Amino acid sequence: MAESAIISRHLRALWGLPGTTLGVVGWPAARRERLFLSWHYWWQAHLIDCAVDAATRVPTPARRKRISALARSHRLRNITGWTNRYYDDMAWLAIALERAQRTQDTEEAPGALLALEKELYESWDPDTGGGIPWRVGADYFNAPANGPAAIALLRLGRHERAGEMADWLDATLRDPETGLILDGIHLPSGEIERPVFTYCQGVVLGLETELAVHTGEAKHLERVHRLLAAVEDRMTTRGVVQGGGGGDGGLFNGILIRYLAVVALMLPGDDAEQEADRRRAASIVLSSAKAAWANRLEVEGEPLFGHDWSKQAQLPGGSSGAGHFTSGGSVTSSTVPERDLSVQLSGWMLMEAAHMVSAAGL
């Protein structure tokens, strides 16, 4: 039902071109959104990732065709190719297209991945002590760029670099007081930006889990255990991920949930600690899914998820009040966050994650 709601409310042909599909970023949509003047590169990457989830859950020709159309339309709308100036954006797209190629043999993916991998690999900056910037030429090196870039590079076979990036994240951005991953650091000045966001925790949990699988090194298991405990203690209430917003922030909790499911399904080890960590991660996924489902609205028989899964979802009143770009390049929330595609994608991610976890018997 979450998949169906996105398809009916948000998916449209790009500029009326046959064989194209892209996500309209608001519902009800403003004219700028319907014309794809606003389209948000990294939101569309997560739309592809969710479409891959659905095709993995129940493979059908229609779902495979949708993934190809989304990938092709992403390239068309980006105009200049697969890449842009934001390394976090490119990392999210690389993750989605690598999964599309590996699981669905999406023909658009190989060429895109060559371009994206080159950008992500070559952006590592040893002169400043490691890390990749969030944007070309920036002095800000953050978890939202380094986390997904490391996951993408790991899955593309760049295991050593992914390990270096995980070590950099742990040494540079882990807060010793809370155990959580801070947002980023300005280099070479060393000034740290201290906000903590759920998606920063998610990508590090996923990265360390997959490195534990690939390397067998105990340090990765230890980092997952430590960070998972901090997330449960500081970012959940009664097992449900706290808060949430609209705009770019609408994706944050969904990303955390996606990688909590990775911990639940992939974390290796037979010790009691690893078993407990897998169960803890699965419990947060399932508790959050139950809360989000209980608090959804039903609109024409399909769910509308709330931006805060522990509170009743609100119905957008119309096409006014759309979010906008800030001077820093981020997208603000709509007046009613539920109108944002990002919020609804998080709901879809959450339901797919809950399916995977429950299907595994967790």
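These legends walk through several close-up views of a predicted model.

**View 1. Helices α3 and α4 pack side by side.**
Let us begin with two helices: α3 covers residues 41-57 and α4 covers residues 61-78. Their axes are 9 Å apart, and the packing angle is about 170°. An angle over 145 degrees counts as roughly antiparallel, and α3 and α4 are therefore roughly antiparallel to each other. Their crossing is left-handed.

**View 2. A closer look at the contact of α3 with α4.**
Which residues of α4 meet α3? They are R63, I67, L70, A71, H74 and N78. On the α3 side, the residues in this contact are Y41, Q44, A45, L47, I48, A51, V52, A54, A55 and R57. Sorted by class, the contact has 11 nonpolar residues, together with 3 polar and 2 charged ones.

**View 3. E122 and K118 pair up within helix α6.**
Now we turn to salt bridges, of which the whole structure has 29. In this view, the side chains of E122 and K118 meet in one of them, with an N to O distance of 3.2 Å. Both residues belong to helix α6, residues 109-122. Because E122 and K118 are 4 residues apart in this helix, about one helical turn separates them. Is E122 buried or exposed? With a relative accessibility of 53%, E122 counts as exposed.

**View 4. R194 and D175 join two loops.**
Here the side chains of R194 and D175 form a salt bridge, at 3.4 Å from N to O. R194 sits in the loop between β5 (192-193) and α9 (198-215), while D175 sits in the loop between α8 (159-173) and β4 (184-186), so the pair ties together parts that are 19 residues apart in sequence.

**View 5. R280 and E232 connect two helices.**
The salt bridge in this view joins R280 to E232, and their closest N and O atoms are 2.9 Å apart. How many residues apart are R280 and E232? They are 48 residues apart, and the pair links distant parts of the chain: R280 is in helix α12 (residues 272-294) and E232 is in helix α10 (residues 218-235). R280 is partly exposed, at 22% relative accessibility. E232 is partly exposed too, with a relative accessible area of 34%.

Let us pick out R223, which lies in helix α10. At 12% relative accessibility, R223 counts as buried. Apart from its neighbours within four places in sequence, R223 is in contact with A166, D167, D170 and E208.

To finish, look for L187 in the loop between β4 and β5. Is this residue buried or exposed? L187 is buried, since its relative accessible area is 13%. Which residues does L187 contact, leaving aside its neighbours within four places in sequence? They are T128, G130, D139, F141 and W168. G26 gives another reference point: it is 161 residues from L187 along the chain, and the C-alpha atoms of L187 and G26 are separated by 36 Å.

Note on methods: Residues numbered from 1 in each chain as written. Predicted model: local features only at pLDDT ≥ 70, side-chain atom pairs only at ≥ 80, totals over all residues. Heavy atoms only, no water. Axes fitted to C-alpha atoms, helices over the stretch in contact; angles between N-to-C directions. Parallel < 35°, antiparallel > 145°, perpendicular 65-115°, else oblique. Left-handed = near helix turned anticlockwise from the far one by under 90°. Contact = heavy atoms within 4.5 Å. Nonpolar A, V, L, I, M, F, W, Y, C, P; charged D, E, K, R; others polar. Salt bridge = Lys/Arg side-chain N within 4 Å of Asp/Glu carboxyl O. Buried < 20%, exposed > 50% of the residue type's maximum accessible area, 1.4 Å probe, protein only.
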